[in-house]
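Student: I have just opened this structure and would like to learn how to read it. Could you walk me through a few features?

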Amino acid sequence: MTAADTARTVIGIIGNVISFALFASPSPTFWRIWKKRSVEEFSPDPYLATVMNCMFWIFYGLPVVHPNSTLVVTINSIGLAVELIYLTIYFVFAPNKGRLKVIGVLCLELAFMAAVVVVTLTKLHTHASRSNLVGIFCVVFGVLMYASPLTVMKKVITTRSVEYMPFYLSLTNFLNGLIWLTYALIQFDLYITIGNGLGAVSGAIQLILYACYYKSTPKDKEGKEKGKSSEVELASPKRLNKPTPQATAA
């Protein structure tokens, strides 16, 4: 194993840890849903989007598509499991309309994913061609996820308050994008580079906004800020206007 391979493995492991923290960030929101036995105004959309994103990155990292990407597969497998747990909790306490939405969207996602898998494995016969096709889908869904905090950033600017943009979530989002960008650059991977480059930029902008507007945030809302700390990037668009995973890893 070369020095570059060793460095890439170490950075990938660090990326797995940071990405897990990002995936776990909505857990207080679902603890609240569990305690209140109600989903209130929360939307399942961000979690459904993250499921799709994780599925594509898992497929991308498989040896039949893009060899030597085990760490991409491991963290996105964990992320997929976490998101399915969130959706299960949502399903249990959602009204019938919400349950139907979750089932319907998951069925569509699985059907689309199955179609991509079949086309990739039967029509494309080289790692390069398979990586290109699946990588494009990974970038598309990654961009959608990383663009989701834009509404929150706009809210911060208009209200001059970081109440809905907690520092640690923004920091984790930035570090996640940065570490996976570094991972991709060691042995250049265009698709991981694009997605996580955008993630790092998004996180950096959030941190800059936090620094600019932290002092102007009304202090009497600090308690509410703590209570809503995990709802920012993965909250309902009804509440914030929507996030992300998310981040996704890789």
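Tutor: Let's start with leucine 190, which is partly exposed at a relative accessible area of 41%. Buried means under 20% relative accessible area, exposed over 50%, and partly exposed in between (1.4 Å probe, protein chains only). This is a predicted model: local features need pLDDT of at least 70, side-chain atom pairs count only at pLDDT 80 or more, and totals for chains, interfaces and linings use all residues. Residues are numbered from 1 along each chain as its sequence is written, and side-chain values use heavy atoms, leaving out hydrogens and water.

Student: In which helix is leucine 190 found?

Tutor: Leucine 190 lies in helix α9. Helices are DSSP runs (H or I, at least four residues), numbered from the N terminus.

Student: Is threonine 9 buried or partly exposed?

Tutor: Threonine 9 is partly exposed, at 32% relative accessibility. This residue sits in helix α1 (residues 3-24).

Student: How many residues of α3 are buried?

Tutor: α3 is mostly covered, with 15 of its 17 residues buried. The helix covers residues 45-61.

Student: How many disulfides are there?

Tutor: A disulfide is a covalent bond between the sulfur atoms of two cysteines. Here the rule is a pair of cysteine sulfur atoms within 2.5 Å, and the count comes to zero. As for individual cysteines, cysteine 54 is buried at 0% relative accessible area, and cysteine 138 is buried at 1%.

How values were computed
Helix = DSSP H or I, 4+ residues; strand = E, 2+ residues; numbered from the N terminus. Expected span 1.5 Å × (residues − 1).
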